[in-house]
Amino acid sequence: MNAELGDHRNAFIMLGLGGAVLVGFGIAGLAPIIAPVFLAIILTICVHPLRVALERRGVPRGIATGSVIIAVMLLLFVFGYTVLVAFGQFAALLPQFADEISAWGQDVVAWLNSLGISSKQLSDIAADFDPSSLIGFLGGLAGGLAGLTTAIVIILTMVLLMAMDGGYMPTILRMTSKTHPLLAVSLVRYGSNVRRYMVVTTLLGLAQGFLNWLALLLLGVPGAFIWGVLAFLCSFIPNIGYFLAIIPPIIFGGLVGGWPTVIAVIVVYGIINAVVQSIVQPRVVGNAVSLNQTITFFSVLFWAVIIGPIGAILAIPLTLLVRLLLVDSNPSVTWIRPMLGELDETKALIAESGAAAKAERRARRAGSSTASGTPAKPE
């Protein structure tokens, strides 16, 4: 590396950082286009095995392409319909608890004042807060997310075009592998890893949302279906999605059932989240997401700022794409992979070091017990 960069290594680093900043601002400026386009790419990658399975059974390429398009359309329709139903229920639910939410806000301000955190602004906000105003705010937010109609048109058009072009990808990758084998392998691995992550996260998110919805129904929390949909959406947001999903049911559970319901919601959500996201998902996904926890958390924050709320949901696929371009397809920087999250070799070395240290302690203990004439205690 020093031989290639010469005496200008720091200058190249600064140029790289400056270029990264420019790229970030450029992506943020083109977020209304990039977000739906990348979502369409991810959806096409996820349903690509359907095309492969149909073509292996002798189905004509045109019918296989049409099947991919229909599958993506159905996914978008079901998802959009579910979100609209949940939003409609939330718009009907919020006015019913407007007085309770206002009183709860005033209680929170009074509690903060009792702790010595006094602020006239907090008191004014609590006194003037109208929960029904959230409906208009959320409606404007839903209608203004980079132009909902434009985003839908872009997604549908991109899915249609990529479904037609997808039939050529296996041949293109075989041609690319002759001249750039590492790039071809990295592209195939990226598609496989993203597909595994998104499909597994979707299925487990559906299970998690259904279990949360059922538990909230049994606990009598208002808007159980809404919070189940929210839990499903937040399952795509690593690390912080759980905390975003649990806040509304805690508030509404506290309004109708007090502290016992709040504690029950926290316990139920904690158990479901621990089983689904901490035990089941890592075992199923495996090494599809070779990113450490720090990078995962930062990626959620970074992409949410760059391209909006959809960036938090697609943070993992976007970060894996950056890794593909900068690391996986570049043989000169493979040394950085353990720092990013590929820890198989690191874990093996840690286990080997731990076993050696344990053997050393046993030998030292055996030597000291022999000198003192007392038998050594087994570990």
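**Figure 1. Sequence separation of contacts across the predicted model.** Among contacts in the protein with a separation of 6 or more, 68% are made by residues 24 or more positions apart. The coordinates shown are those of a predicted model. The secondary structure consists of 17 helices and zero strands. Of the 379 residues in the protein, 31% are buried. The protein exposes about 22,400 Å², and carbon and sulfur atoms supply 72% of that area.

**Figure 2. Helix α11 and the helices that cover its buried residues.** Helix α11 spans residues 224-234 and is mostly covered, with eight of its 11 residues buried. The buried positions of α11 are A224, I226, W227, G228, V229, A231, F232 and C234. These buried residues pack against three helices: α4 (61-93), α10 (181-219) and α12 (241-285).

**Figure 3. The largest nonpolar core and the surroundings of Y190.** The largest nonpolar core holds 32 residues, of which Y190, M198 and I307 touch the most other members. At least two residues of this core are supplied by each of α3 (31-56), α10, α12, α13 (293-307) and α15 (315-328). Helix α10 gives the largest share, six residues. When residues up to four places away in sequence are not counted, Y190 touches F38, I42, I45, P317, L320, L321 and L324. In soluble globular proteins, nonpolar side chains tend to be buried together.

Figure 4. D328 is located in helix α15. Its relative accessibility is 12%, and D328 therefore counts as buried, the cut-off for burial being under 20%. Apart from neighbours within four places in sequence, the residues in contact with D328 are L182, S186, R323 and R337. The closest N and O atoms of the salt bridge between D328 and R323 are 3.1 Å apart. R323 counts as buried because its relative accessibility is 7%.

**Figure 5. The salt bridge between E55 and R51 in helix α3.** A search of the whole structure finds four salt bridges, and one of them joins the side chains of E55 and R51, with an N to O distance of 3.8 Å. Both residues lie in helix α3, four residues apart, or about one turn of the helix. R51, at 2% relative accessibility, counts as buried.

Figure 6. R364 forms a salt bridge with E360, in which the closest N and O atoms are 3.7 Å apart. R364 and E360 both lie in helix α17 (residues 344-372), at a spacing of four residues, about one turn of the helix. Are R364 and E360 buried or exposed? Both R364 and E360 are exposed. Elsewhere, salt bridges that share partners join R323, D328 and R337 into one network.

Notes: Residues numbered from 1 in each chain as written. Predicted model: local features only at pLDDT ≥ 70, side-chain atom pairs only at ≥ 80, totals over all residues. Heavy atoms only, no water. Buried < 20%, exposed > 50% of the residue type's maximum accessible area, 1.4 Å probe, protein only. Contact = heavy atoms within 4.5 Å. Areas by Shrake-Rupley, 256 points an atom, 1.4 Å probe, with all protein chains shown as cover. Core = buried A, V, L, I, M, F, W, Y, C linked by side-chain atoms within 4.5 Å.
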